[in-house]
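Keep the view open while you read.

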Amino acid sequence: MDSTLERAAELLARARLPVFGGLFTDIEGATAAISLAEKLGGVIDHGASEGLSRAARVMRETGVAPSSFGEVRNRADTIVVIGEGPLARDPELLDKLFPAEPGLPRPGDNKRELILLGLDKAKTPKGVPVTVIDGKASVPELVALLAASVREGRFDLRDEALRGKIEKAAARLRDSAFAVFVYDPAELEEPVLHTVLEMVRLLVKTTRAATMSLAAPGNGEGVNLCSTWTCGLPVRTSFAGDVPDNNMWAYETERLIASGEADALVWIDALDGEGADRPKGAPAIVLTSKSARATRGDIVIEVGAAGADHDAALYLPPIAGIGMVKAKAANKDKPSVAEVLTRIAGLIDAKRAA
Amino acid sequence: MLVQLKGGRIIDPANDRDEVGDLYVENGRIVAKPDGREPDEVHDVSGKIVMAGAIDVHSHIAGTNVTLGRQLMPELPLLAAEGGQPILPSPAAWGSYATGIRYAEMGYTTVIEPAMIPTHAIEAHAELAAIPIIDVAGLVILGNDDYSLGLLRNGKAKSDELKDYVAWTLSHSKALGLKVINAGGSEAFKFNARKFGLDDVVPDYGVTSRGIVEAMQQAVEDLGVPHPPHVHCNNLGIAGNVETAVATLEATQGRPIHFAHIQFYGYGDEGEKGFSSGAPRLMEAVNKHKNATVDVGQVMFGQTITISGDVLRQFDGRRAANPKKWIISQGEGNGTGVVPYNYKKKSFVNALQWAIGLEIFLLAEDPWRVLFSTDHPNGALFVRYPEIFHLLMDRDERARWLDGLPEASRAASNLAGIARELTLSELAVITRAAPAKLLGLTDRGHLAPGAVADIAVYTEQKNKTKMFSAADLVFKSGNLVVRKGNVVRVTWGRCYHVEPGFDAQIEKRVSAFYDRYFGADPSWFDVSDAIHRPDRFATIPCSKS
């Protein structure tokens with residue numbers, strides 16, 4: 001172990017631009033990774049950054065109107081699920097959002113309803129009225145049509161059956177006491193996200209409305225939040241300059257490696273059941289909780305899986321925030337990501353002092 | 001190691017002390033002059049001002065809501081710096097690390113985050129733990145949550161169950177005290193209410209704001225929590241709301257309570273524009289109600305961002321967003337609203353808000369009950385504190401600022417007629433002694449032997465902005481951390497909290513509640529094992545548990 005860490009420290013100490021990618025880790029692991037990236041003037045990125053970065057940019061440009069999972073489950077009377085992403089991310093989502101038992105007091109007296117926009121096949125909970133809006137139109141088109149109809153604007157649509165469904169759904173949204181749009185930002189492009197937000201901003205003039213975004217895999221939300229409170233910016237941030245710089249295109253791990261800008265990769269893959277594909281092409285230090293398939297030249301360090309081998313703070317969708325997950329069977333033989341990175345940082349400090 | 005601070009003017013109003021003398025520090029504490037021992041280290045502070053480290057009783061520095069603000073507006077420090085505010089033009093300048101560094105440079109050694117969301121307490125504590133040097137504590141929000149409201153609906157306002165629930169929440173989230181924000185208003189917002197007053201009724205739950213605050217006061221008092229309920233009243237920011245503030249003060253019936261950022265409630269509705277200074281009326285009531293303390297929430301001109309659990313108020317405020325973007329986040333309990341805002345000198349309302357805050361400070365008969373705050377970042381970023389100290393201590397400086405304000409605002413304010421200048425001793429009360437007393441942090445805010453050695457040394461100068469922007473020396477728990485306004489050593493502080501006892505039955509009830517309504521387990525947001533740093537937490541005892 002010691003010689004492996006020493007080699008890792010060597011590689012990082014002489015790297016011009018190291019990138020910390022994957023970042024499938026807990027809050028302590030993320031904290032240690034960000035701290036080391038700051039020390040080295042490197043880049044931090046996350047394996048599920050595509051959706052995270054998109055959502056971050058929309059938020060920065062125009063704001064957001066999110067609702068927690070608990071509020072949606074208990075109080076939404078109309079839930080619009082957009083695209084296939086949400087149910088692909090969480091196949092039990094609909095059962096969670098429409099529990100059999102009545103929830104907390106909620107506004108209005110509408111029966112709770114589900115609208116599926118742009119997905120045709122879904123196992124829906126018993127007794128919940130469902131409207132499926134699919135047809136031949138794409139998800140962006142359907143969102144645009146619905147938005148036009150919600151604001152009672154004109155739109156051309158020859159498919160009369162689809163027009164009828166869109167108009168009925170729009171009327172329902174206007175009559176809802178609390179309408180919520182559920183989506184996965186990894187599936188929707190930015191203009192679509194903006195259109196959804198525009199619907200919310202229009203509806204809240206008279207009633208309640210919000211969005212619920214599916215959490216990114218690999219503790220993506222948790223790592224992103226940690227990055228934000230640490231350096232004021234979300235992931236895909238570089239510490240190479242005088243002040244941290246965020247850019248969802250420039251600081252993507254794969255691009256940095258393919259272009260040769262990054263000359264070392266720290267790949268962190270330390271959560272059970274979830275993993276991201278590691279880009280190849282740069283000397284790598286791999287911190288993994290999985291049986292490692294090392295490429296020649298990789299420095300592989302086996303670590304514990306956060307929340308399985310050791311207790312971990314992770315983003316938990318049911319509380320829409322960071323919570324503690326107790327280890328199923330604590331394994332003290334395996335170090336955590338935070339422990340490994342902290343030791344590497346110490347070795348680098350020692351080298352610099354020498 | 002025995003350290004001596006030699007020959008400074010020691011300003012320690014908690015011990016009625018304002019005199020030139022020496023101060024001794026050993027093992028992180030202030031000690032009496034030891035007989036027959038020479039100090040190991042001497043700092044000559046002759047001609048300098050020596051005070052306890054400053055304590056901020058209300059500053060939004062950590063947690064989900066603050067980080068939502070960072071996500072919405074990473075450019076805040078850049079815009080603020082561009083407008084001349086003393087902050088580095090980097091998104092990192094309002095990150096956790098920079099927060100601790102900048103506070104320390106000004107001589108602050110303890111800061112209270114006043115709005116932890118119970119279910120998100122782990123994030124709040126993780127963020128607090130990433131702030132160097134200063135000690136911290138968090139206040140946890142209740143009063144719009146369905147569990148409390150459910151108890152109140154069932155007539156259990158004075159029941160042991162509510163008391164146990166409050167105790168469980170404080171312990172579980174490692175909070176120092178309880179925060180109540182627009183009691184009932186955020187819940188009413190979930191039923192699409194757009195206004196909510198003291199005697200309005202929460203739909204479905206049938207309880208009023210007044211009833212919620214009373215019940216929480218009772219619970220906190222019964223538990224013997226040193227810090228009284230920390231209350232953000234209804235109708236924040238609305239013309240004429242001084243009446244709400246006065247009515248809320250009267251409703252406290254002589255029992256301990258703290259009202260946050262009352263400048264935002266110092267508004268009358270007189271005059272042509274229907275907006276006037278309510279400061280005289282408000283301060284008459286504050287001066288009379290000796291059970292109540294307040295912090296001011298001073299406004300300063302320039303770019304900032306408003307972050308609040310008063311989601312109903314923030315929803316209304318979204319129309320004034322500048323830049324034009326906002327977040328209304330609807331979550332358990334209060335939810336959050338984040339709205340960027342730029343206070344403008346040329347705005348009649350903003351200029352009057354600025355004047356009203358200063359009037360409140362200067363009309364206070366008892367500085368021990370009128371504490372310093374800007375409600376960072378809501379009224380102003382905390383980096384502006386030295387400018388405000390200057391305004392409070394120097395009437396010429398006030399006159400200079402007043403000259404640059406719109407005629408109508410000057411005419412509507414009583415500020416020009418107030419001659420009072422706060423003394424150094426009074427400043428030490430509102431920024432040190434009184435916050436410590438209010439929070440139950442008895443080992444700080446003063447310089448008597450036994451106190452933690454949190455000490456700030458300043459060079460006295462007429463320009464108080466300069467004087468307080470950069471402390472000459474700052475000691476945190478006896479360690480020299482700042483020299484000539486720059487951090488020379490990064491240490492890590494402690495987090496203070498209470499641990500009131502409760503009947504274990506409440507854990508089962510709360511678990512059943514979260515399981516049924518959220519599919520969640522309360523152990524997920526238990527802070528106990530979440531922060532892995534030795535000696536991070538210190539418990540402040542409650543008088544009745």
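**Ground rules**

This is a predicted model: local features need pLDDT of at least 70, side-chain atom pairs count only at pLDDT 80 or more, and totals for chains, interfaces and linings use all residues. Residues are numbered from 1 along each chain as its sequence is written, while chains are lettered from A and ligands numbered from 1 in the order in which they are written.

**Two domains in chain A**

Chain A splits into domain 1 (2-48 + 218-353) and domain 2 (56-213). These bounds come from an automatic or database domain assignment. Over C-alpha atoms, the centres of domain 1 and domain 2 of chain A are 35 Å apart. Six residues of domain 1 of chain A and five residues of domain 2 of chain A make the contact. Two residues are in contact if their C-beta atoms, placed from the backbone, lie within 7 Å. On the side of domain 1 of chain A that touches domain 2 of chain A, six residues are nonpolar, with no polar and no charged ones. Here Ala, Val, Leu, Ile, Met, Phe, Trp, Tyr, Cys and Pro count as nonpolar, Asp, Glu, Lys and Arg as charged, and the others, Gly among them, as polar.

**The sheet of chain A**

Helices (H or I, at least four residues) and strands (E, at least two) are DSSP runs, numbered from the N terminus. Two strands pair if DSSP finds at least two bridges between them. Chain A has an open sheet of seven strands with mixed pairing, in the order β10-β9-β2-β1-β11-β12-β13. At its edges stand β10 (245-246) and β13 (299-302) of chain A, each with a single partner strand, so one side of each has no neighbour in the sheet. Helix α2 (residues 27-40) of chain A lies across β1 (18-24), β2 (43-44) and β11 of chain A, and runs at about 175° to β1(A). Axes are lines fitted to C-alpha atoms, for helices over the stretch in contact, and angles run from 0 to 180 degrees between N-to-C directions.

**A helix pair in chain A**

Helices α7 (residues 139-150) and α9 (residues 190-203) of chain A pack at about 20°, with axes 10 Å apart. That makes α7(A) roughly parallel to α9(A), a term for angles under 35 degrees. Their contact holds 11 nonpolar residues, one polar and one charged.

**Where the chains meet**

Which elements of chain B give two or more residues to the side that touches chain A? In total, 44 residues of chain B are in contact with 46 residues of chain A. The elements are α1 (64-72), α3 (96-105), α4 (121-129), β16 (326-329) and α18 (505-518) of chain B. The largest share, five residues, comes from α1(B). By class, this side of chain B has 20 nonpolar, 13 polar and 11 charged residues.

| Strands | Sense | Bridges |
|---|---|---|
| β3(A) and β16(B) | parallel | two bridges |
| β11(A) and β12(A) | parallel | five bridges |
| β15(B) and β17(B) | antiparallel | seven bridges |

Note on methods. Angles under 35 degrees count as roughly parallel, over 145 as roughly antiparallel, 65 to 115 as roughly perpendicular and the rest as oblique.
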